[in-house]
Amino acid sequence: MDQDNGLTVITTHINADFDALASMLAAQKLYPDSLVVFPGSQEKNLRNFFIQSMVYLLNIANVKDIDFKQISRLVLVDTRQPNRIGKFSTILDKPGLEVHIYDHHPSMTGDIDGTYMALEPLGATVTLLVNILCEKGIEISSDEATIMCLGIYEDTGSFTFPSTTEKDFRAAAFLLSKGANLNMISNLIAREISPEQIGILNDIIQASTTHNINGIDVVVAAVSTNRYVPDFAFLVHKMVKMEDLDAIFAIALMENKVYVVARSRIPEVDVGTIITSLGGGGHAYAAAATIKDMTLAQTEQRLLDILYSKIQSRRLARHLMTSPPISIREDVSCQKAGDLLTRYNINALLVTDSKNDELAGFISRQVIEKALYHKLNHVPVHEYMTTEMVSVDPEADILEVQDKIIEHKQRILPVLDNQAIIGVVTRTDLLNILVRRKNHQHKGQNEPLEKHEHARTRNISNFMKERLAPSLLNLLQEIGRTASDLGSDAYVVGGFVRDLFLYRSNEDIDIVIEGDGIAFAKKFAAQKGARVHAYAKFGTAVIIFSDGFKIDVASARLEYYKFPAALPIVETSSIKLDLFRRDFTVNTLAIQLNPKNFSILIDFFSAQKDIKEKVLRVLHNLSFVEDPTRVFRALRFEQRFGFTIGKLTAGLIENAVKMDFFKRLSGRRVFTELRLILEEDNPAPAIIRLQDYNLLRVIHPSIIIDNNLISMLNSARKVIAWHDLLFLEESYIKWSIYFMALIRNCDRKTSQDICRRLELAPRYRKIFTRERFQAERTLYWLEKNSRLDNSTLYEKLSGLRIEMILYLMVCTRLKRIKRAISYYVTNLRDVSISVTGKDLMEMGLEPGPVYKKIMAAVLQARLNGGLETRSDELRFVEKYLVEQPAGS
């Protein structure tokens with residue numbers, strides 16, 4: 001370019017990347033006598049970069065040393081936004097100033113209007129400049145070619161970004177011919193991450209929240225650090241690859257500034273346009289902004305506002321519909337239709353032809369209620385159903401759905417695929433979508449009492465690899481492949497997924513199949529050489545492997561209850577409705593297992609938020625009415641995980657207690673929940689919480705928590721821990737020790753009443769009544785006798801099961817008795833003698849009752865320390881026979 005009198009300055013945007021740096025170098029080849037000036041900190045732009053050793057290539061000047069009055073030509077590369085060029089924006093209105101612009105970004109509102117502009121939608125700005133250098137025949141050294149090629153590689157994501165063009169490839173090829181060093185480029189592009197950057201990357205991953213905005217999943221993450229972390233954009237790009245994200249907006253507070261970096265791989269999210277609204281810039285697939293006048297929280301909120309206004313919907317009917325649809329045949333009575341509306345808590349039903357199941361019409365709750373009011377219970381619904389209705393196909397967009405529901409005043413819109421009903425979109429569905437679009441800031445209320453219409457999803461592939469053993473991960477992948485072979489979708493759900501995010505070990509795998517769960521279980525078991533126990537009534541199965549490992553399988557199902565505390569009635573459903581039937585939000589996470597979507601986490605009910613906040617919430621207000629045992633579970637989870645019970649949920653528990661829904665619970669269901677509490681590592685806190693809600697009376701009114709009982713429960717935990725440390729392999733009924741501590745003060749009759757109330761099996765009744773009282777009498781005798789030799793201790797305790805012996809250690813307050821019992825457990829209970837009846841026969845002793853007497857004497861002597869070897873025992877017998885001849 002021709003040089004005139006005055007100063008020519010080449011600059012770029014603040015926080016220049018490799019493309020900006022490469023473009024300044026290329027521009028300097030076009031303007032030989034110019035100065036290269038960074039608008040921000042030069043040190044940050046040259047950080048960790050081999051150009052530090054090649055500064056001679058650039059005629060760099062510090063912005064503080066520039067006399068702005070002397071600038072006659074300003075050359076801008078890789079930007080044309082005035083708010084991104086720092087102090088240079090102050091001279092844009094200077095009379096006579098020439099502004100030359102080289103940029104590959106799309107046009108934005110407020111762009112600088114240059115005297116000369118070279119604009120082209122390429123993958124990198126340096127590509128545009130390299131083409132000009134090539135046309136003009138300007139020579140490029142190998143070092144210069146390396147830097148310019150680096151700019152192309154970075155801004156095209158090594159030619160993987162959708163913005164990459166043919167010209168980018170050709171420019172890179174030209175630079176390669178000029179000696180560009182690909183090894184150097186590779187090292188810089190694939191540079192190692194520092195420990196500090198790894199920490200920030202982990203923070204970004206943990207802080208990520210997926211927002212479903214008009215049908216598009218957008219990840220937003222907000223983090224903060226006291227120091228400036230170099231290459232924040234590189235870390236965001238790294239996360240896009242790791243998590244396979246479509247769009248991400250990462251916000252970071254570093255030092256006293258907020259930085260926003262955005263990446264997109266889909267046309268629906270134009271990050272350049274969105275970030276421009278925040279005062280930054282970029283192109284459709286990569287953009288950034290530096291913000292000085294807003295806090296981290298304000299930036300995130302402002303960004304969300306922009307996202308909801310800028311991202312256009314691509315929602316189709318198949319995304320919006322509820323499936324499978326709930327319908328009835330036209331010959332069903334109005335009474336049954338009313339029952340169905342109540343059962344599923346819906347306001348309209350599709351009606352199908354009784355012959356071929358094709359759509360015949362629909363009937364609303366209002367019509368059914370009026371029919372029932374007029375005693376038309378047994379009249380078939382086809383008499384009153386609406387037959388004039390419209391439908392949509394699965395590919396209909398939201399505007400078509402909206403028009404048909406509103407224009408036709410239709411409460412329910414069927415989705416048809418070749419005349420087959422595959423789903424429905426209700427008026428409520430549409431209203432929720434429109435309200436969420438307008439008032440997205442109200443999402444995530446304290447109690448998720450209504451079904452979320454759309455799940456938050458994210459890919460947790462790397463998290464699963466980090467947390468799960470390779471064998472378990474492979475097993476989940478095999479499950480997904482088998483389900484796909486059957487045309488079904490498979491999910492791992494519930495506690496397994498919850499504990500994954502709580503960093504707790506849990507290999508109790510619960511699989512939900514959208515399809516025939518039993519058919520899946522049988523096929524998968526056959527492939528693995530395992531056994532299957534199927535339960536057709538509930539659509540469930542258990543796969544049992546040769547090593548005893550089990551997988552629980554269920555068909556996606558919906559449960560409803562005929563009356564409070566009843567067992568649920570089960571019907572087939574979708575994963576969404578299956579998760580909605582569960583007890584608490586934290587148990588509603590699901591991970592897809594089919595190969596196409598493996599490791600996609602699904603969160604319909606803000607479970608991740610509740611896990612993060614350590615709060616237990618139910619999914620709807622009638623949860624404890626339908627199943628009061630959930631109260632026991634709430635208190636158990638509260639104590640196990642260190643959670644708190646949400647305010648509304650706590651109020652619902654109090655209501656369930658006040659209404660006494662527990663009186664209709666069967667004893668077996670109460671015992672199941674009580675046993676689960678007693679199987680916790682430390683059940684005492686949960687039992688105390690049962691007392692707080694006056695729930696111990698559900699077991700029996702005589703059980704009351706006091707200091708003595710709390711002391712016993714704590715003692716039981718210590719005794720069990722002592723035993724398990726010494727005898728890792730010993731199997732015993734651990735929970736029974738806590739249960740006996742709980743009923744310690746109950747007499748025989750009360751204990752029998754409790755066993756009957758809880759519908760305990762006969763073997764447990766025997767333990768908790770007859771054997772327990774026998775053991776307590778033994779303890780009484782031991783405490784009354786101050787001198788106990790080993791043989792006496794053995795005689796008193798050897799007839800008791802280990803659970804009872806540990807129970808006695810819990811009950812006694814005398815340290816000498818606790819020591820004596822523990823000594824018996826560790827040193828005496830396995831003592832045996834080697835002398836046999838054959839030995840006595842060889843000594844010439846006739847078989848008879850005397851054998852037992854002699855054996856007992858030998859055992860007694862061995863217990864009391866008099867005998868150590870077999871020879872000692874034989875000599876003892878000989879001496880015994882001399883002193884006490886046979887028959888004496």
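1. A friendly start with the charges: the count comes to 38 salt bridges, each being a side-chain nitrogen of Lys or Arg within 4 Å of a carboxyl oxygen of Asp or Glu. Please keep in mind that this is a predicted model, where local features need pLDDT of at least 70, side-chain atom pairs count only at pLDDT 80 or more, and totals for chains, interfaces and linings use all residues. Residues are numbered from 1 along each chain as its sequence is written, and side-chain values use heavy atoms, with hydrogens and water left out.

2. One of these salt bridges joins E166 to R170, with the closest N and O atoms 2.8 Å apart. The two sit four residues apart in helix α5 (residues 166–177), so about one helical turn separates them; helices here are DSSP runs (H or I, at least four residues), numbered from the N terminus. E166 is exposed at 53% relative accessibility, and R170 is exposed at 57% (buried is under 20% relative accessible area, exposed over 50%, partly exposed in between; 1.4 Å probe, protein chains only).

3. R870 and D839 also meet in a salt bridge (2.9 Å, N to O). This pair links distant parts of the chain, with R870 in helix α36 and D839 in helix α34 (residues 837–842), 31 residues apart. R870 is partly exposed at 38%, whereas D839 is buried at 9%.

4. Do have a look at E873 in helix α36 (residues 870–883). E873 is buried, at 0% relative accessible area. Leaving aside neighbours within four places in sequence, its contacts (heavy atoms within 4.5 Å) include S832, V858 and R862.
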